[in-house]
Amino acid sequence: MSASGRATASGPAGVPVGSPRRRRAWAGGLATVLAASALSLTGLAGEAQAADVNNVKNAGYESGLGDWTCSAGSGTTVSSPVHGGSAALKATPAGQDNAKCAQTVAVKPNSTYTLSAWVQGSYVYLGATGTGTTDVSTWTPGSSSWQQLKTTFTTGSSTTSVTVYTHGWYGQAAYYADDLSVFGPDGGGGGDGPAPTVPSAPAGLGVASTTSSSVSLNWNTVSGATGYNVYQGGGKVQSVTGTSATVTGLSASTAYSFQVTAVNAAGESTKSATVTATTEPGSSDPGGGGTVPKHAVTGYWQNFNNGATVQKLSAVQSQYDIIAVAFADATTTPGAVDFNLDSAGLGGYTADQFKADIKAKQAAGKKVIISIGGQNGTVAVNSAASAANFADSVYSLMRTYGFDGVDIDLENGLNATYMSQALRSLSAKAGSSLVITMAPQTIDMQSTSNEYFRTALNIKDILTVVNMQYYNSGSMLGCDGKVYSQGSVDFLTALACIQLEGGLSPSQVGLGLPASTRGAGSGYVSPGIVNNALDCLTKGTACGSFKPSKTYPGLRGAMTWSTNWDATAGNAWSNAVGPHVHALP
């Protein structure tokens, strides 16, 4: 969450990387990132073979980087993590290098090939150049487990070699790749072998557990399979590498049918036998939050003095329904947090006064929650032990100060598996009145495969609202596949659409904006633009060039950083946006 109005730094092409509380590098203009220079080596076409083969040499990196060339010495091989065999590629981008690793592969002219690879990490790209027709590429914004990228290309009439490559993105963390394949007619270059056979259909499909919004499935391992597809009602909803999956975003008390297929480079099996599962009963309005209003305004209250108006909680404008106290502090215990009131910086505000003000806000119908994250929010929940520590420590703060819940605003990424586990454990302790909010950056919610998005879907039945931050951001893709720049109605509505159509209930989606030009490095829009975006999404009016295919009258509302910067500007933001939110249909 941006904690000051100081200027942001810039990444490639001038993309802002965030205020002092937003240090993550951003990839602006995502529609342009797929272009890459290719190495130019030439292979020799051989005689046609009856059977298709994988034409890549050393496809699993079992011989180190033999047959591969990586830019600027960015690549190496590792023994863990691996997708298959005993080795995989690890390539680390730098500020001016995207860690591109390439190989020239012999192919046959006028032939169709399937290019695939198993990858892991943030921003991983797979492509082929020199095809003689249309060069191809595909990418993933990030995955903490192995994910298969796949595309196809056709060679030209005189094409005897193509260059295949993987790369990451400038300044991002290392990525991993394994088991690359250019599967098709034998080009004669001596690839890694004959075609695999299509796997058989999975057996033993069963229902492991259900909640009001999810169904967990498992099945038997299929020999030769490299992954599995999960089908719900005949439509594919997930691709996984293991023999279990959880389908989320379901309605309560509803029966669903599921099937699974096995896949490898040769193709996809027939579907398994069908199983049916019925979700548990639940509220018609998913999520937790007790008596949070149908349409709510969230504001972050600063437990520090950074030049904005210093406030006691009692001074927070009455338009705010949820007040997120920023921030909890990390401790030396993995996953655990604590809270230390900055009494000196807040003019002698005492812990007893703070607790009394929380009770007064609650008596007025407001929710006060503790926010985890921000500049010093180096909290890592990445194991069962740290998940338990997180839940225990947050619950302890709730009992000590009277907080109604927790806000997840982690800067350094999160692990969906263990953060979901932590929040469910906290919910079990605190009960159904627990308020859970999240404040991801725009890049975190571009795909349902991202860890933040996965976490939100994993806990949909106890989640109150996701207030994504539509600021300190580069250009991003909207749900229509077009690129939008921050600072417009279209940026707000087209990106909100991704969440609304990606599995979250409208009541779990809010628009997060800075309260003033000093509240963020970039992305400020006037309260009128915020209200126009709310009207576009809820009523279909006041839209820009992007107009959603349907309206979402249950949209939760809006959020701002911060109540302090709002007060500095005379509460102009909350005075304009607050009444508008509360008057939504």
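How many aromatic pairs does a search of the whole structure find? The search finds 21. Here are some notes to read beside the model.

1. **Ground rules.** This is a predicted model, where local features need pLDDT of at least 70 and side-chain atom pairs count only at pLDDT 80 or more, while totals for chains, interfaces and linings use all residues. Residues are numbered from 1 along each chain as its sequence is written, and side-chain values use heavy atoms, with hydrogens and water left out.

2. **A tilted pair.** Rings of Phe, Tyr and Trp (its six-membered ring) pair if their centres lie within 6.5 Å; planes under 30 degrees apart are stacked, over 60 edge-to-face, and the rest tilted. Tyr300 and Trp561 have ring centres 5.7 Å apart and planes at 45 degrees, so this pair is tilted. Tyr300 belongs to strand E21 (residues 296–302) and Trp561 to strand E32 (residues 557–561), so the pair links parts of the chain 261 residues apart. Strands (E, at least two residues) are DSSP runs, numbered from the N terminus.

3. **A stacked pair.** Trp561 has another partner to look at: its ring centre is 6.4 Å from that of Phe304, and with the planes at 25 degrees the pair is stacked. Phe304 sits in the loop between E21 and strand E22 (322–326), so its pairing with Trp561 in E32 ties together parts 257 residues apart in sequence.

4. **Buried or exposed?** Buried means under 20% relative accessible area, exposed over 50%, and partly exposed in between (1.4 Å probe, protein chains only). Tyr300 is buried at 1%, Trp561 is buried at 0%, and Phe304 is buried at 15%.

5. One aromatic cluster is formed by Trp301, Phe339, Tyr349, Phe354, Tyr401 and Phe403.

6. **Charges over rings.** A charge sits over a ring if NZ of Lys or CZ of Arg is within 6 Å of the ring centre and within 35 degrees of the ring normal. The charged end of Lys100 does this with Tyr165, 4.4 Å from the ring centre. Lys271 lies over the face of Tyr231, at 4.3 Å from the centre of that ring.

7. Find the open sheet of three strands, ordered E13-E14-E17 with antiparallel pairing. E13 (206–210) and E17 (244–247) are the edges, each with a single partner strand, so one side of each lacks a neighbour in the sheet. Two strands pair if DSSP finds at least two bridges between them; E13 and E14 (residues 215–218) are joined by four. Among these strands' residues, Val207 has Leu217 in E14 as its bridge partner.
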